[in-house]
Amino acid sequence: MSEEYWLADSEARVLGPIGLEVIHTLHARGKLLDVRAVSRDGRKFVPLREMPELQAVLSAPISLTDGQRAQQEATRQIREWLASIQKRTTQEIFKVPQLASRDAWRAAFFALVHRYVPSRLPADTTAELRLACEDAFLALSERMVEVERQFRSPSTSLPPPPPMPTIEPATAARLAHRNGVVQIGLSLKRGDARPFTQDLEHSWQTDCLYVASSERLVPSTPVEVAVSFEGHVTQLHASGRVMATRVGGFTVRLLNLGEDQRALIRTWVARSTTK
Amino acid sequence: MALPEVLIVDDDQLIRTMVRDALIDVPCEIREADSGDSALAAIAQRNPAVVLLDLVMPGKSGLEVLKLLKGKPTRVVVLSALDTEGLVQQAMADGAHGFLSKPIHPLDVQSLVRGALEAAASP
């Protein structure tokens, strides 16, 4: 009978007993990237280097290539899937029944989005795969926001399949990179409060600002924002950080806003939404 | 009549919650365990009809738990992202009723658990 092994990762999670052939296949598929200790009996674990036959399998150059190939393949599949869902309804994508409850929608959403959550990707995920996952995460999140909107609407007792997300022409933002800080300039026309209201989860009420841009900024990127308001002499100047990437832009959290600045925003939003 | 029990075994709280949510329409009583050892204790105590079992966990691994349950009436559905052919074959040879690849889909979970519950009810 061939030898069997137990593998433990950095969080002391154990897989085993499995044979060398299975280990080789898993490694080639990029699924054993964090093996820290190994065992022949499931009880006494030793560092990987003390079992040369396993170390050879888990560090073989071909495995690294295969791992990268696996990520390329995963990237390709995600991109294909993203293209395929463009014309599908949210109900088709989430595979929920016509009369599904909000909880069922949410369960379906979490089941789908789980694998794409950027913060849960392994550290050695390739940039291409990371971007594909981020795009999938954003696409699903956008659909789910639409679903939640449908349920919030008092006139809608049963949620029809939400429409495709549409990106309205947004207020143009000017971006410039200087010394690691992204400077953002916004000129708002009278009646346009979308940067303060477009992101429903993070609006002006939580000192947030949505910036429409094709540029992809990493969360936590420091920013300096200058907003001019048509018909107003006063401009808004604030520093902040990118807090979330959205489809067609990103959301910035403005830091250390003064009460006078908040009042300026509040007044602008109120005038824009009551005209 | 008491509802059959389903035990969700995974060290990831999010997965346990997702599976629990997926089974909301399945008539069963759901319990959770976050390791192989706590799963074995729960199985010894409650004798669940179905166990949904992760393979990679702290302490006893899912494959070890599966081997210990072989021949018992409890039906085991494996949940794992390690869905290579060799490992799926090994799990099935060790007595798994089914194998579900992560990321899981609620309808797949429901379908497999319903089938496992039916199998457990008519051995």
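Me: Is Phe196(A) buried or exposed, and what is its relative accessible area?

Reply: In this predicted model, Phe196(A) has a relative accessible area of 1%, and it counts as buried because the cut-off for that class is under 20%. Phe229(A), at 3% relative accessibility, is likewise buried.

Me: How are the rings of Phe196(A) and Phe229(A) arranged?

Reply: A pair of aromatic rings is described by the distance of the centres and the angle of the planes. A search of the whole structure finds 6 aromatic pairs over all chains. For Phe196(A) and Phe229(A), the ring centres are 6.3 Å apart and the planes stand at 15°, so the pair is stacked. The pair links distant parts of the chain, since Phe196(A) belongs to helix α7 (residues 194–197) of chain A and Phe229(A) to strand β8 (residues 222–229) of chain A, 33 residues apart.

Me: Which residues form an aromatic cluster?

Reply: One such cluster is made up of Phe94(A), Trp105(A), Phe109(A) and Phe110(A).

Me: In what order do the strands of the open sheet run, and which of them stand at the edges?

Reply: Strands of a sheet pair through backbone hydrogen bonds, either parallel or antiparallel. Here 5 strands form an open sheet with antiparallel pairing, in the order β4(A)-β3(A)-β1(A)-β2(A)-β4(B). The edges are taken by β4 (45–47) of chain A and β4 (57–58) of chain B, each of which has a single partner strand, so one side of each is left without a neighbour in the sheet. Strand β3 (residues 35–39) of chain A pairs with β4(A) in the antiparallel sense over 3 bridges, and within these strands Val38(A) stands opposite Val46(A) in β4(A). Helix α1 (residues 20–28) of chain A packs on the sheet, where it touches β1 (4–9) and β2 (13–19) of chain A, and the direction of the helix makes about 125° with that of β2(A).

Me: What is the overall make-up of chain B?

Reply: Chain B holds 5 helices and 6 strands, which follow one another along the sequence in the pattern β-α-β-α-β-β-α-β-α-β-α. Of its 123 residues, 53% count as buried, and among contacts between residues at least 6 apart in sequence, 59% join residues at least 24 apart.

Me: Which residues of α5(B) are buried, and what covers them?

Reply: An α-helix has 3.6 residues a turn, so residues three or four places apart point the same way. Helix α5 (residues 106–121) of chain B has 16 residues and reaches 22 Å from its first C-alpha to its last, close to the 22 Å expected at 1.5 Å a residue. Its buried residues are Pro106(B), Val109(B), Gln110(B), Val113(B), Ala116(B), Leu117(B) and Ala119(B). What covers these residues includes α5 (102–113) of chain A, together with β1 (5–9), α1 (13–22), β3 (50–54), β5 (75–80) and β6 (98–101) of chain B.

Me: Where does Ser239(A) lie, and which residues is it in contact with?

Reply: Ser239(A) lies in strand β9 (residues 235–246) of chain A and, at 34% relative accessibility, counts as partly exposed. Leaving aside neighbours within four places in sequence, Ser239(A) is in contact with Val223(A), Glu224(A), Arg253(A), Leu254(A) and Leu255(A). Of these contacts, Leu254(A) is 15 residues from Ser239(A) in sequence and 5.9 Å from it in space, C-alpha to C-alpha.

Me: Which residues does Glu148(A) touch?

Reply: Glu148(A), in helix α6 (residues 127–152) of chain A, is buried with a relative accessible area of 16%. Not counting residues up to four places away in sequence, Glu148(A) touches Arg102(A) and Arg106(A).

Note on methods. Residues numbered from 1 in each chain as written. Chains lettered and ligands numbered in written order. Predicted model: local features only at pLDDT ≥ 70, side-chain atom pairs only at ≥ 80, totals over all residues. Heavy atoms only, no water. Helix = DSSP H or I, 4+ residues; strand = E, 2+ residues; numbered from the N terminus. Buried < 20%, exposed > 50% of the residue type's maximum accessible area, 1.4 Å probe, protein only. Contact = heavy atoms within 4.5 Å. Pairing = 2+ DSSP bridges. Axes fitted to C-alpha atoms, helices over the stretch in contact; angles between N-to-C directions. Expected span 1.5 Å × (residues − 1). Phe/Tyr/Trp six-rings, centres within 6.5 Å; stacked < 30°, edge-to-face > 60°.
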